Amino acid sequence: MKQIIGGNWKMNGSGLAALEFLREMKRLGSGSVSTEIVLFPPFTILPLIADAAADAGIETGGQDIFWLEKGAFTGEISPSLLLDAGASWFLAGHSERRHVIGETDDIVRRKLQAGLSSGLRGILCVGELIEERDAGRTEEVVKRQVEYALRDLECVSNENFVIAYEPVWAIGTGLTATPDEAQRMHSLIREWVAGISGSDFADNTRIQYGGSVKPDNAAEILSMPSINGALVGGASLDAENFMDIVRAVPLQD
Ligand code: PGA
């Protein structure tokens, strides 16, 4: 399975910084790796970098998406606007959307469905809060998030659907799940996906790990058998760091 490394810039960067980043990524060889690389800059940067990203062998995506195509929804970005901006991917359910902005499982599911139906490819982000982990509820929470999003989902395939397991307590904190803990959760997520979509689909679903992935911990994480890539926040803002993570992907078949 081809690993996929995402760079989520969140509300950082600028058009100029993104162009410079892509030039640097290209110089560092982003165009000649077999790993899929996707950059999620702020929406406003997407159209500016479409050509430079393609030139560097990097796909682009929106950090969020709205579930309707058009209308009176001030501030929202529809699937077709994302496509128009040159994006081919979107994130749904990032923990900052769930826990800072207040998105529910239902909203995340609508976004996922709308994006996939439009021809975009989506990364469904799931993960537990520290309070949920401390209360021993990690499995219950992540299972609910996965099942709610996936049950009866249409237009979904192994090409257009990726899951990112990101324990919320590990995001931007410098803390990471140990590779064994992450591997265990990824195997469970695969079982839950199999319960809904069958084991064939589950075996071919790419599941990324996210939460303080850095050049110095990436190799260990990315070599776990059930981990098929990473969703990287802070360390994706610097091309050298991000390429070090891309290069930490073990040789693939
Ligand atoms: P981080 O963010 O790498 O800065 O922890 C990960 C994410 O939010 O996807």
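Where in the chain does serine 226 lie? Serine 226 sits in the loop between α10 (215–222) and β8 (229–232), where helices (H or I, at least four residues) and strands (E, at least two) are DSSP runs numbered from the N terminus. The model is a predicted one, in which local features need pLDDT of at least 70 and side-chain atom pairs count only at pLDDT 80 or more, while totals for chains, interfaces and linings use all residues. Residues are numbered from 1 along each chain as its sequence is written, and side-chain values use heavy atoms, with hydrogens and water left out.

**The chain as a whole**

- The protein chain contains 11 helices and eight strands, and its C-alpha atoms fill a box of roughly 45 × 45 × 35 Å along the principal axes.
- Of the 253 residues, 53% are buried, where buried means under 20% relative accessible area, exposed over 50% and partly exposed in between (1.4 Å probe, protein chains only).
- Among contacts (heavy atoms within 4.5 Å) between residues at least 6 apart in sequence, 74% join residues at least 24 apart.

**Helix α5**

- Helix α5 (residues 105–117) has 13 residues and reaches 18 Å from its first C-alpha to its last, close to the 18 Å expected at 1.5 Å a residue, the expected span being 1.5 Å times one less than the number of residues.
- The buried residues of α5 are Asp105, Val108, Arg109, Lys111, Leu112, Gln113, Ala114, Gly115 and Leu116, and what covers them includes α3 (79–84), β4 (89–92), α4 (95–101), β5 (121–126), α7 (138–150) and β6 (161–165).
- Just after α5, glycine 119 takes a positive phi of about 100°.

**Two single residues**

- Serine 226 counts as buried because its relative accessibility is 7%, and, leaving aside neighbours within four places in sequence, serine 226 is in contact with Gln183, His186, Ser187, Arg190 and Ile207.
- Aspartate 55, which belongs to helix α2 (residues 46–55), counts as partly exposed because its relative accessibility is 49%.
- Aspartate 55 and glycine 31 are 24 residues apart in sequence, and their C-alpha atoms are 7.6 Å apart in space.
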